[in-house]
Amino acid sequence: MTFDTPDAFEAAVAAPPEADPSQALWFLFKGPQLLVRPDDARAHLPSASAAAQVEPAHRLYLGRLRGRHVYAAELPARAEPDDGHVTQGLRALFGRLDDELFALAGRAVQLVDWNRTHRYCGACGTPTALRASERSRECPSCKLVAYPRVAPAIMALVRDGQRILLARSPHFAPGMYSALAGFVEPGESLEQCLVREVREEVGVEVARPRYFGSQSWPFPHSMMIAFVADYAGGEISPDPAEIEDAGWFDLHHLPPQLPGKISISRRLIDAVLADIAQEPPAS
Ligand SMILES: [Zn+2]
C-alpha cells in the first residue's frame, strides 16, 4: 500500500460529458483531512451526496478508476460532517481505506491543496482560472500559468559493510530511526543532493549512490527518491538543527523502532538488511 497511482486509474483533466458527479467517487477534504465513513477497523469514501455542498466551479475532475469517475474538492469551511462521517488525516487511514482509494487520496489531497493555494496569480494578484486542456491555473491578466508542485527529495541509506547509518529527527516518534533525507536544491542533480545532505546532516562522505526506488509522498507534495550509498570516510557528527542522534546499526543491533510500512524508507532499510543477511560476513 503506497501513494503511487494505481494501475487501474486513468488520469484526465476535464470531465467527459457523460460523467455524472452524483455517481462518482468523491475525495472531499477539509484542509489535509479526508471525509470518510468509518466502519469498525475500515474506512470508506462518503456517498456522492456529501459533495452536494461543493459548488461545481470548485470541483476537480481527476479521471476514472475502473470505469468510475473520480472527483476531488475542498469542503466549504462551514460544512460539518453528516452523521457517520468524520475527517481524518491520510496517515491515520493507512491500512483502513481500500488500497487503490488510499493511493488516489494522496493524489487528490495534493491537487486540492494546489488548487486552494493558487487561486490568485503569484505575479499580479489577479484571480486565476482552471484550464481545461491541462492541469494548471492561468492568470487572465498576465497569462502566468501555475502547475501543481512536486518537490523532489532524496533519501539516502549509507552502508559500510555490514552496518547501516540511521538517524532520528527531533520530530520522530520516540525510539524511531530512519534513513537520511532532504530536499533537492535548484541546480542540483540527485547525486549531488545526496552527497550534500549526508555531509550536512551527519558529516560523513559517501560514494557510489545506487538508485533504489521512488515514492509519491503527499506531505504536502514531495517525491521521495531513494538511494543506497557506500560510506567513504568521516566520523558521524550530527547537525543539531536537523538530527537528534545518528549512528551505525547492524542486523543484531537495530533501533527500537523503524519507520512504518507506509514509507519507502522502510522498504529501503528492509531491502538492504536482507542483502546484508545473505552476504557472508567480511573476514
Ligand atoms: Zn497575473
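# Briefing: cavity, pockets and zinc site

The largest cavity has a volume of about 60 Å³. This is a predicted model, in which local features need pLDDT of at least 70 and side-chain atom pairs count only at pLDDT 80 or more, while totals for chains, interfaces and linings use all residues. Residues are numbered from 1 along each chain as its sequence is written, and side-chain values use heavy atoms, with hydrogens and water left out. The protein chain contains four helices and 16 strands; helices (H or I, at least four residues) and strands (E, at least two) are DSSP runs, numbered from the N terminus.

**Overall dimensions and burial**

- The C-alpha trace of the protein chain spans about 70 × 50 × 30 Å along its principal axes.
- Of the 283 residues of the protein chain, 43% count as buried; buried means under 20% relative accessible area, exposed over 50%, and partly exposed in between, with a 1.4 Å probe and protein chains only.

**The cavity**

- Rolling a probe the size of a water molecule over the atoms shows where empty space is left.
- On a 1 Å grid over the protein atoms alone, a cavity is a set of points where a 1.4 Å probe fits but cannot get out, whereas a pocket is an open set with protein on both sides within 12 Å along at least five of seven lines; lining residues have an atom within 4 Å of a point.
- Grid points are joined across faces, edges and corners, and a volume is the space filled by probe spheres set on the points.
- The count comes to one cavity of 30 Å³ or more.
- The lining of the largest cavity includes Leu 35, Ala 50, Gln 53, Leu 75 and His 85.
- This lining divides into five nonpolar, two polar and two charged residues; Ala, Val, Leu, Ile, Met, Phe, Trp, Tyr, Cys and Pro count as nonpolar, Asp, Glu, Lys and Arg as charged, and the others, Gly among them, as polar.
- His 85 is placed in the loop between β6 and β7 (86–88), and it counts as buried because its relative accessible area is 15%.
- A distance of 26 Å separates the C-alpha atoms of His 85 and Lys 261, which are 176 residues apart along the chain.

**The largest pocket**

- The largest pocket has a volume of about 840 Å³.
- Its lining consists of 30 residues, of which Met 155, Phe 172, Ala 181, Trp 217 and Met 224 lie nearest its centre.
- Two or more lining residues come from each of β11 (151–160), β12 (163–168), β13 (180–183), α3 (190–202) and β15 (222–233).
- With four residues, β13 gives the most to this lining.
- By class, the lining of the largest pocket has 17 nonpolar, eight polar and five charged residues.

**The second largest pocket**

- The second largest pocket has a volume of about 410 Å³.
- It is lined by 18 residues, and His 58, Glu 74, Asn 115, Arg 116 and Arg 119 are those nearest its centre.
- The elements that give two or more residues to this lining are β6 (68–74) and α2 (99–117), and α2 gives the most, with three.
- The lining of the second largest pocket has nine nonpolar, three polar and six charged residues.
- Asn 115 belongs to helix α2 and counts as buried because its relative accessibility is 12%.
- The side chains of Asn 115 and Arg 137 are joined by a polar contact of 2.5 Å; a polar contact is a pair of N or O atoms within 3.5 Å, and within protein one must be able to donate a hydrogen and the other to accept it, while residues adjacent in sequence count only if both atoms are side-chain atoms.

**The zinc site**

- Cys 121 (SG), Cys 124 (SG), Cys 139 (SG) and Cys 142 (SG) coordinate the zinc ion at 2.3 Å; donors are N, O and S atoms within 2.8 Å of the metal (3.2 Å for Na, K and Ca), and water is not among the atoms, so sites may look incomplete.
- The site is tetrahedral, with angles of 100 to 120 degrees among its four donor atoms; four donors count as tetrahedral if all angles lie between 85 and 135 degrees.
- The donor residues are spaced C-x2-C-x14-C-x2-C in sequence.
- Cys 121, in the loop between α2 and β8 (129–130), and Cys 142, in the loop between β9 (137–138) and β10 (145–146), are 21 residues apart.
- Cys 121 counts as buried at 6% relative accessibility, whereas Cys 142 counts as partly exposed at 37%.

**Backbone features**

- The peptide bond from Phe 219 to Pro 220 is cis, with omega near 0 degrees.
- Asp 40 has a positive phi of about 50 degrees although it is not a glycine.

Note on methods. Tetrahedral: all angles 85-135°; square planar, octahedral: opposite > 155°, others 65-115°.
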